[in-house]
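This report goes through a structure with several chains.

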Number of protein chains: 4
Amino acid sequence: MKRTVSCHLELSVAGPAELVFGVAVAAGIPLATEALTVSSGGEYLTPDELQDAHGTRLHRVRVDAGTVLLDYAACADGLAEPAGVDEIDRLRYLRQSRYCESDRLAPTAAAEFEGLTGIALLTAVVGWVHDRISYVGGASVGTDSALDTLLARRGVCRDFAHLCIALLRALGVPARMAAVYAPGLSPMEFHAVCEALVDGTWWVVDATGHAPRQSLLRIATGRDAADTAFLTSFGAPVELVALDVSATAEDFAPDDQQTLTRLR
Amino acid sequence: MKRTVSCHLELSVAGPAELVFGVAVAAGIPLATEALTVSSGGEYLTPDELQDAHGTRLHRVRVDAGTVLLDYAACADGLAEPAGVDEIDRLRYLRQSRYCESDRLAPTAAAEFEGLTGIALLTAVVGWVHDRISYVGGASVGTDSALDTLLARRGVCRDFAHLCIALLRALGVPARMAAVYAPGLSPMEFHAVCEALVDGTWWVVDATGHAPRQSLLRIATGRDAADTAFLTSFGAPVELVALDVSATAEDFAPDDQQTLTRLR
Amino acid sequence: MKRTVSCHLELSVAGPAELVFGVAVAAGIPLATEALTVSSGGEYLTPDELQDAHGTRLHRVRVDAGTVLLDYAACADGLAEPAGVDEIDRLRYLRQSRYCESDRLAPTAAAEFEGLTGIALLTAVVGWVHDRISYVGGASVGTDSALDTLLARRGVCRDFAHLCIALLRALGVPARMAAVYAPGLSPMEFHAVCEALVDGTWWVVDATGHAPRQSLLRIATGRDAADTAFLTSFGAPVELVALDVSATAEDFAPDDQQTLTRLR
Amino acid sequence: MKRTVSCHLELSVAGPAELVFGVAVAAGIPLATEALTVSSGGEYLTPDELQDAHGTRLHRVRVDAGTVLLDYAACADGLAEPAGVDEIDRLRYLRQSRYCESDRLAPTAAAEFEGLTGIALLTAVVGWVHDRISYVGGASVGTDSALDTLLARRGVCRDFAHLCIALLRALGVPARMAAVYAPGLSPMEFHAVCEALVDGTWWVVDATGHAPRQSLLRIATGRDAADTAFLTSFGAPVELVALDVSATAEDFAPDDQQTLTRLR
């Protein structure tokens, strides 16, 4: 399966700032080609690349006031080898996080999913979130958490993922967020999904059902949206002027929600 | 400086459960002696030891219903070599976390500490929290966050640390929580403090002012209390029946709050 | 039906304070006998009586530091004539209030009770709350709202009433709280129930199911617990040292939850 | 002083709905002229007028799907006689309400205003809110409360009023919200201010400082924005298509924030 992705960002930066981009596909995915350029005021910069234990690759630049452009393109011609399961990770992803308050959602989770375990539990949680939350573009704000999503009964992909993650953790299932390129997503943009550790494997689930899971490309992995943003900035205010994302895949079947799938 | 610590836990476990203890001093602290025993129903168990990238050492056992006893004792006869600063860590500890909502506290932080940077900022934040929050044993509950603490104006050591951490992150200063043994603390119990990354070094600060920082021994390091609990359990309900902690140090001066100090 | 109620309060007051008691049965209930005494430091006081538009009777005294005792007893030998429905009230009790955030619970209410109206809706809401919330004495704190109750899935009588009220208002049904004496309640204490305006009548419902509704005696009526507290104090701190409540009724049948009932 | 006000609303109503308008000046203000018209689909309706105990005048119509237009104009040629202080009101406006969580803000209020009473306290609270909150049009949403405003450090007029009200109540000062026409406000729109009961008089304060208080005309009075909305609807969704407000006054001096003023 050949997968081709790209993104283009235009930022307006008000003064000296540090920008950290999470747009490159994760380490471990075999790439035929890859190119990343960042310019500020028309001049090309050389970003530092930082890589975390999950293979998340962050690109960092320091810029002054002005227009910053980022262009990224990659072509993957293979699938990542699934990583082993780290015992410390297993514990880390059982813990409550900023946008996944598994502690406050524990009574709800316990009541709604009593008696379920394993894959049946995972399927039930994803279906429950799918049935209750409406996808409404622009419906949520950056400080919204799983609890807010449950109350508002609507959100975007990150909100669906947060709610799945919070419920799963509350039920003793390690769960985390992955930012991904999603061939087949419409409208096309960065996507976020949930990964859950069941029977020794990190399965990917997506309560939005908006994109086939089999061809997703991992970008970043973490506890929730706080860990997986495509842009984090420090210093002067930064405004996102334009964002274009593309992702295509050859030779993949439409998603079958009954099939267990890993991010590869 | 010789430091001697111990703890004793008695738990009542209602059924099959997995217990993860965070009570051992962190890797990297030179130890003359160390002993950890865990028994369930009078029978000794052999815990797995898991160690994370910060040197946090977790001990895990699986138990059935009954009384679980843990005894830990260690004697440190040296100081840890300070670890280098990891760039990924620097980013990680700028992010909002479950109990440190730096996103929601950003307007407060920006208004209260305008114009300050570096050590002056760190000192100002710790003093601000110290002046506003009253230490009241039992005043907070496990789901309380930095925001709750700011509103309630009272809390225990974890609450003081959460509020410092949240404000610092909101101001662009990486900050994290350390669970520690604290010689000189009264009443004696597990203690929690904030570490902030300023000028390339992780300094330890403690807005409670309850224990000298120079002789603290690190146990666990993480984003907030979700990462640094002395006990995490999965499965059947677990009740803490008894907890005794001791910590003493030879040859250390009383804390001088003006002195920058690292956890060693 | 003859109904006999009493209460005894002992307070420890730390300094000059104004105390407002909401313990007397509401105006409009025919009383054979009634007696209220309040003493401070052994000396009897003469409370002011304030009566609101609903017939809630509040008794106010100003006291100095010391022990305050209140004793109240009344015997009702008839039923209140139901009041007409005030159009301003109808609007007032559709509005969100401190502990009944009908605005934030509107999406949940809309999704869970779609298509229902009138008595069927009222019955459905009460059943839904009854099924989801566990009665746990001491489980909630004074600042808990309907939203907190829904998340915690447990509470006491005021929490059950708040959640019913919030859901009903969100669905366009005026709803309010009544503090009542409740013959048959066990353990005996002050009780709180919900009144909902359906088909031109204020019906009383009780999702706890803990007391027969037919013999309840109204004390106070308002938006939520903020309006119906048995004690409100201003000034120096006040501690509740003792509270005893009694309520008995002759000649009443056990509650039949299928029967529509008014507070009389 | 002659004061002239008007408003024009255009609504798009999706189906059968009940609309309640709070746009008429309150009872008690001597009017030379007044006219209110409401039309639906080009046909004039006859609204019911409901008046509450504060003189708030609400106008209610039932409409079907279509465009609803409301036009209101009034000319006041005198000042309202100040109403006496109702003891039940005094208690009512000490209570926590939906958007004024005086219970949760009590620790903040106690710490920030220790030792102040009476007019000095009132002045201090208004100045404190003025100094900390930035007026930012569109910065808040309808579910935002005083607590949210304090955290966000910004808001519109209703948010400033909510925060003043909540702090005052927490300090034992009865406080309420008034919706008003505000000659001199820029940009012109409906305005909201706080009234506080100090030394036996309801004084009007406005932490935004955006309009002279001496010429304000009261529309509605209540606990918070839940009670004083210019439009409340039940039934089908209602969209506000256009809103124009005007208010002018002859012969009034610019506001002197040092002067105690009543709403008249």
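## Sheet in chain D

Strand S1 (residues 3–13) of chain D runs antiparallel to S15(D), and eleven bridges join the two. Strands count as paired if DSSP finds at least two bridges between them. Helices (H or I, at least four residues) and strands (E, at least two) are DSSP runs, numbered from the N terminus. Within this pairing, Ser12(D) has Glu239(D) as its bridge partner in S15(D). In general, strands of a sheet pair through backbone hydrogen bonds, either parallel or antiparallel.

The pair belongs to an open sheet of five strands in chain D, with the order S4-S3-S7-S1-S15 and antiparallel pairing. Strand S4 (43–45) and strand S15 (238–249) of chain D are the edge strands, each pairing on one side only. From one strand to the next, the twist averages 15°; axes are lines fitted to C-alpha atoms, for helices over the stretch in contact, and angles run from 0 to 180 degrees between N-to-C directions.

## Model and confidence

The model is predicted; local features need pLDDT of at least 70, side-chain atom pairs count only at pLDDT 80 or more, and totals for chains, interfaces and linings use all residues. Residues are numbered from 1 along each chain as its sequence is written, while chains are lettered from A and ligands numbered from 1 in the order in which they are written.

The model has an ipTM of 0.93 and a pTM of 0.94. For chain A, the average pLDDT (the predictor's confidence in each residue, from 0 to 100) is 95, and 100% of the residues score at least 70.

## Domains of chain A

Chain A splits into domain 1 (3–79 + 232–245) and domain 2 (87–223), with bounds from an automatic or database domain assignment. The centres of domain 1 and domain 2 of chain A, taken over C-alpha atoms, are 25 Å apart.

Contact between these domains of chain A involves twelve residues of domain 1 and twelve residues of domain 2. Two residues are in contact if their C-beta atoms, placed from the backbone, lie within 7 Å. On the side of domain 1 of chain A that touches domain 2, eight residues are nonpolar, three polar and one charged. In these classes, Ala, Val, Leu, Ile, Met, Phe, Trp, Tyr, Cys and Pro count as nonpolar, Asp, Glu, Lys and Arg as charged, and the others, Gly among them, as polar.

## Chains A and B

Superposition is by least squares on the C-alpha atoms of residues with pLDDT of at least 70 in both copies.

## Chains B and D

Chain D superposes on chain B (RMSD 0.0 Å) by a rotation of 180° with 0.0 Å of shift along its axis. Of the residues of chain D, Leu151(D) comes closest to that axis, at 4.9 Å (C-alpha). These copies also meet through the same surface, because 100% of the interface residues of chain D are interface residues in chain B.

Eight residues from chain D and eight residues from chain B make the contact. On the side of chain D that touches chain B, helix H2 (102–112) and helix H4 (146–152) of chain D are the elements that give two or more residues. H2(D) supplies the largest share, four residues. By class, this side of chain D has four nonpolar, one polar and three charged residues.

## Chains that do not touch

Chain B does not touch chain C, and their nearest C-alpha atoms are 11 Å apart. Chain A and chain D do not touch either, with 11 Å between their nearest C-alpha atoms.
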